Amino acid sequence: MPLYLLAILALVQGITEFLPISSSGHLDLTWIGFHGLGAVPAEMDARQELVLDIAVHVGTLGAVCLYYWRDLARMLLSLFHRRPDPYRRLIILLILATLPILVVGYLVKDLLPYLKGDLALIGWTTLGFGLLLWIADRSGMTLRSIEHLGFKDALFLGAAQVLALIPGTSRSGITMTAARALGMERSDAARFSLLMSIPTILAAGLFAGLEVRKIESATLGFDAVVAAGLAFVSALLAIAVMMAWLKRSSFLPFVVYRILLGGLLLFLVYSGTLAGWGWQSGL
């Protein structure tokens, strides 16, 4: 795959994975754009595209693990402490928050490919869940931190994360929305959302990897390494910028972006503009 396409794919994933704007929706839009422009090599099939999707997700997983390496190290060390430890409790919270999407994701895994590439769906979810984030951010109090989360709260956040199976919803966006609805401070809402992403991305990557484990291609392997590296760097920068922003301001810029993008997609779909360009709404 041409280097410039790999760079675009990696940057899109790296920048959008942890911002509340939907990486899955943006990845779908990127692939739709590549196909619409005829830029994808003829020999590349859906399984090879999935390999690159896995690669950029691995890159973003590495970025969030590096950013929160102190939290991860403290959680690991807490397993060897006999006395009560807040980081051991954090492990339990993250496990509870991850269980819903593992169960539901497994049950509906055969239905998910039918949602991929649906521009109308991405437009509505981008717009709708963007407005929901705005409502939760404006109305939610800012009194609670991660230390105040209970087990029921973790399950609530995990249930919200299930909605991210719908393209355009945004895993980070919906979990931050739910956290703000619980009254969590913005930076803590983002921090817990990012920590939730680690087991979720890992599980999704392992499952997807089983689907494509028989593909052998030296060129594809090199492309995957390049894409993962670029996604890692861009994701690390995106996390740092977002966390710095949320310590002093609100989610409003992300809401505005989602409204504009969702509105644009819906206009393109329902005005027939895409059909006029000869593009399809799916892959």
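1. The largest nonpolar core has 45 residues, and Val64, Leu90, Leu157, Phe192, Leu194 and Met242 have the most contacts inside it. A nonpolar core here is a set of buried Ala, Val, Leu, Ile, Met, Phe, Trp, Tyr and Cys residues joined through side-chain atoms within 4.5 Å. Buried means under 20% relative accessible area, exposed over 50%, and partly exposed in between, with a 1.4 Å probe and protein chains only.

2. Two or more residues of this core come from each of H3, H5, H6, helix H7 (151–162), H8, H9, helix H10 (218–246) and H11. H9 supplies the largest share, 8 residues. Helices are DSSP runs (H or I, at least four residues), numbered from the N terminus.

3. This is a predicted model, in which local features need pLDDT of at least 70 and side-chain atom pairs count only at pLDDT 80 or more, while totals for chains, interfaces and linings use all residues. Residues are numbered from 1 along each chain as its sequence is written, and side-chain values use heavy atoms, with hydrogens and water left out.

4. The largest pocket holds about 1500 Å³ of space. A pocket is an open set of points on a 1 Å grid over the protein atoms alone, where a 1.4 Å probe fits, with protein on both sides within 12 Å along at least five of seven lines; lining residues have an atom within 4 Å of a point. The volume is the space filled by probe spheres set on the points, which are joined across faces, edges and corners.

5. Of the 38 residues lining the largest pocket, Leu50, Leu112, Leu165, Ala204 and Ala208 lie nearest its centre. H9 (186–211) is among the helices that each supply at least two lining residues, and H9 gives the most, with 8. The lining has 19 nonpolar, 9 polar and 10 charged residues. Charged means Asp, Glu, Lys and Arg; nonpolar means Ala, Val, Leu, Ile, Met, Phe, Trp, Tyr, Cys and Pro; the others, Gly among them, are polar.

6. There are 4 aromatic pairs. Tyrosine 67 and tyrosine 68 make an edge-to-face pair, because their ring centres are 5.0 Å apart and their planes stand at 80°. Rings of Phe, Tyr and Trp (its six-membered ring) pair if their centres lie within 6.5 Å; planes under 30 degrees apart are stacked, over 60 edge-to-face, and the rest tilted. Tyrosine 67 is partly exposed at 30% relative accessible area, whereas tyrosine 68 is buried at 6%.
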